[in-house]
Amino acid sequence: MSVSTTGSFDRRRFLTVSAGAAFAATALPGCAASVDDGSSDGDTKTGSKTLTVMSSEDEKKELQAVGKALGIKINFVARDETKLNAMLAAKNPPDVVRGLGAVETPYFAARGLMTDLDPYFAKSSALKVSDIDPVNDVWRYDGKKQGAGPRYGLAKDYSQDQMLWYRTDLFEAAKLDLLSETEPLSYDELLELGKKLTKRRLGKVKVYGLSASGLGTFSQLMGMTASTGGSVFAEDLASVDFSSPEALKALEWYLQYARADIGPNVANPNPDGWDWPTYQAGRMAIASDGYWFGGAIGGDPKVAEVSRFAPAPQLGSNRISPCFGATGYWIPKDAKNKDAAWKFFEYFFGGKAAEERAAGGWGIPSLKSLRSKMPQGQPYQKQAFKVQEQELEHFSVLTFTPYAQLAALDGVISKVLPKAIKGKTSAGKVADELNKLMNEQIAKGKELVG
């Protein structure tokens, strides 16, 4: 069956559409070209009459409904990294921009492009700081690190993206025990499970044992490294070091996973484009996709009946369960219609629209008061809710560099790893090449930020 939902396209779009534009983004402060902001009627300056929102196509109808409820015309502009960067540089940005708080906040905040929302929160009765889920700390940046300082945006919902969904029917067919709801697997245990669950025919994989791609390879390596007590980034965030013992251990694991050919990887991507169609068809046993994946599962009762949720695996003893997305919205510093933008924020994040999203199961709501709206009507939903509630205590903010965009770093991985996987290159040599190419990207960005 075909499933068309906001949550599913969010993740697919993140992994595919954004990659090409990010390499040019490090030049953002220097490109001051005049661009069309996409307005159809040119009245974005007329108070609260019109609000220009840059977002993904799949969210267009929801945004128009929000505008109708508020009596504001929503001028929709399709999300495009290159266009956004040009509009920001020309000081003619959209009023509201959709983004990934976990990886974009430092980049845009360090360049002085985001509005400090603390004064708005201080006066708001709809959005109380005390009600904001701690995940929203990824939308904070104090000039040096993420998780502190002013709030620059808000997540519409989120997931702890290294958690696991799995199919009990495939586990039972392989005569394997179901996963614990409280104790995380080690990554070594996960790899062995993936091997046992993989099915081949005539030398070709017919059922993936494991998908460890999540929201991109760099993010996965970042989370794995953190669970060993290390960090991919240097303390000043101005470089990466995959040669450190902790990061090298993560890289070695990924190379083992890819070479075992038990799941989609950068050298052999999933032909379906993302995990859901493969998982739905019974051709994937374990998917590392976080709570949001349950929204897709809910669209197929047969799949829901055999699906269960489990904690995020750990590479080391420092148990963490990070979020790599926290997709939401922010208001550019040069936005022309900030009051209307805040009205949008209050309704979209704290009103009826937020309640409806919470009930859909496509993510954990951004407000703690809406958590009771999360679906628990079906057995798989009750099980997933229980596991998710327990996992929250292990949430951690992983600070991202302000000097490069995630897609640029994932682009380096896509350039380096496929040949390394096929050529049996050692993890040490792969680390050296990743360090060289990524640090060149980061250095260019640092020069521009100053």
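The model is predicted. Its chain holds 18 helices and 14 strands, and buried residues make up 58% of the 450 residues. Among contacts with a separation of 6 or more, 75% are between residues 24 or more positions apart.

**The five-stranded sheet**

- Let's start with an open sheet of five strands, whose order is β2-β1-β3-β13-β6 and whose pairing is mixed.
- The edges are taken by β2 (73-78) and β6 (153-155); each has a single partner strand, so one side of each is left without a neighbour in the sheet.
- On average, neighbouring strands of this sheet are turned by 25° against each other, direction ignored.
- Strand β1 (residues 50-55) runs parallel to β2, and six bridges join the two.
- Within that pairing, Thr52 has Asn75 in β2 as its bridge partner.

**Helices lying across that sheet**

- Helix α4 (residues 81-89) lies across β1, β2, β3 (96-100) and β13 (327-330), and runs at about 135° to β1.
- Helix α14 lies across β1, β3, β6 and β13, running at about 155° to β13.

**The three-stranded sheet**

- Here the order is β11-β8-β12, in an open sheet with antiparallel pairing.
- Both β11 and β12 stand at the edges with a single partner strand each, so one side of each is left without a neighbour in the sheet.
- From one strand to the next, the twist averages 25°.
- Strand β8 (residues 164-167) pairs with strand β11 (residues 286-288) in the antiparallel sense over three bridges, and Tyr166 has Ile286 in β11 as its bridge partner.
- On the β12 side (residues 307-310), β8 pairs in the antiparallel sense over four bridges.
- In β12, Ala310 stands opposite Leu164, and Phe309 is the bridge partner of Trp165.
- In a regular strand, side chains alternate between the two faces of the sheet.
- Both faces of β8 are covered: Leu164 and Tyr166 are buried on one side, and Trp165 and Arg167 are buried on the other.

**Two helices side by side: α14 and α15**

- Two packed helices are described by the angle and the distance between their axes.
- The axes of α14 (residues 338-350) and α15 (residues 352-360) come within 4 Å and cross at roughly 30°.
- With that angle, α14 counts as roughly parallel to α15.
- On the α14 side of the contact are Tyr347, Phe348, Phe349 and Gly350, which meet Lys352, Ala353, Ala354 and Arg357 in α15.
- Sorted by class, this contact of α14 with α15 has five nonpolar, one polar and two charged residues.

**Helix α10**

- Helix α10 (residues 245-260) has 16 residues, which at 1.5 Å a residue should span 22 Å; its end C-alpha atoms are 22 Å apart, so the two values agree.
- Its buried residues are Ala247, Ala250, Leu251, Trp253, Tyr254, Leu255, Tyr257 and Ala258.
- An α-helix has 3.6 residues a turn, so residues three or four places apart point the same way.
- The cover over the buried residues of α10 includes α8 (187-197), α9 (217-226), α17 (406-423) and α18.
- After α10 comes Asp261, which has a positive phi, near 55°.

**Helix α18**

- Helix α18 covers residues 427-449, and at 1.5 Å a residue its 23 residues should span 33 Å; the end C-alpha atoms are 32 Å apart, which agrees.
- Buried in α18 are Ala427, Val430, Ala431, Leu434, Asn435, Leu437, Met438, Gln441, Ile442 and Gly445.

**A closer look at Ser396**

- You can find Ser396 in the loop between α16 (379-391) and α17.
- Its relative accessibility is 23%, so Ser396 counts as partly exposed.
- Leaving aside residues up to four places away in sequence, Ser396 touches Ile320, Ser321, Pro322 and Cys323.
- Ser396 and Pro134 are 262 residues apart in sequence, while their C-alpha atoms are 9.2 Å apart in space.

Note on methods: Residues numbered from 1 in each chain as written. Predicted model: local features only at pLDDT ≥ 70, side-chain atom pairs only at ≥ 80, totals over all residues. Heavy atoms only, no water. Expected span 1.5 Å × (residues − 1). Buried < 20%, exposed > 50% of the residue type's maximum accessible area, 1.4 Å probe, protein only. Pairing = 2+ DSSP bridges. Axes fitted to C-alpha atoms, helices over the stretch in contact; angles between N-to-C directions. Parallel < 35°, antiparallel > 145°, perpendicular 65-115°, else oblique. Contact = heavy atoms within 4.5 Å. Nonpolar A, V, L, I, M, F, W, Y, C, P; charged D, E, K, R; others polar.
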